[in-house]
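Subject: Handover of a structure

Dear colleague,

I am passing a structure on to you, with notes on what was found in it. Please look through the sequence and the coordinates before you read on.

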Amino acid sequence: MRNFIIDIGSSFKVGDPCPTGYNDRIAWAQVHMDAGLKQERCGHCSLWFWPHELHPETRSFMASRIKHGPANVKVEYRVCLTCHEKGEK
Ligand SMILES: [Zn+2]
């Protein structure tokens, strides 16, 4: 006799919070990728987040570029909601 595990996936929508189960996380991420979303890095903790998980405010700083000739470039970034609540810049 063989035993099978049948995983009936949950249905997720874009913007739903991240589920805890491994298979649910894959299904949840697939919904976001199918919607054409791309993850972005938090400018403070460097973890990857979906756009709806980042604070809408865009922050920026000026940096010096060395490659391809020296120049000052404006670097724009967003931070995740957790870093924003902690008051991280
Ligand atoms: Zn963060």
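The chain holds two helices and four strands, where helices (H or I, at least four residues) and strands (E, at least two) are DSSP runs numbered from the N terminus. Along the sequence these elements come in the pattern α-β-β-β-β-α. Please keep in mind that this is a predicted model, in which local features need pLDDT of at least 70 and side-chain atom pairs count only at pLDDT 80 or more, while totals for chains, interfaces and linings use all residues. Residues are numbered from 1 along each chain as its sequence is written.

Overall dimensions come next. The radius of gyration of the chain is 19 Å, whereas a compact globule of 89 residues would have one near 12 Å; the radius is taken over C-alpha atoms, and the globule rule is 2.2 Å times the number of residues to the power 0.38. Along the principal axes, the C-alpha atoms fill a box of roughly 70 × 30 × 20 Å. Of the 89 residues, 10% count as buried, a residue being buried if 20 or more other C-beta atoms, placed from the backbone, lie within 10 Å of its own, exposed if 12 or fewer do, and partly exposed in between.

Helix H1 covers residues 22–34, and its 13 residues should span 18 Å at 1.5 Å a residue, which agrees with the 18 Å between its end C-alpha atoms; the expected span is 1.5 Å times one less than the number of residues. Val 31 lies in this helix and counts as partly exposed because it has 16 C-beta neighbours inside 10 Å. Leaving aside neighbours within four places in sequence, Val 31 is in contact with Phe 12, Lys 13 and Val 14, contact meaning that the C-beta atoms, placed from the backbone, lie within 7 Å. Just after H1, Gly 36 takes a positive phi of about 85°.

Strand E3 (residues 59–65) lies largely in the open, because the number buried among its seven residues is zero. E3 pairs with strand E4 (residues 71–77) in the antiparallel sense over seven bridges, pairing being called when DSSP finds at least two bridges between two strands. Met 62 has Lys 74 in E4 as its bridge partner. Five residues separate E3 and E4 in the hairpin that they form, and His 68 in the turn has a positive phi of about 60°.

With best regards

Methods. Contact = placed C-beta atoms within 7 Å.
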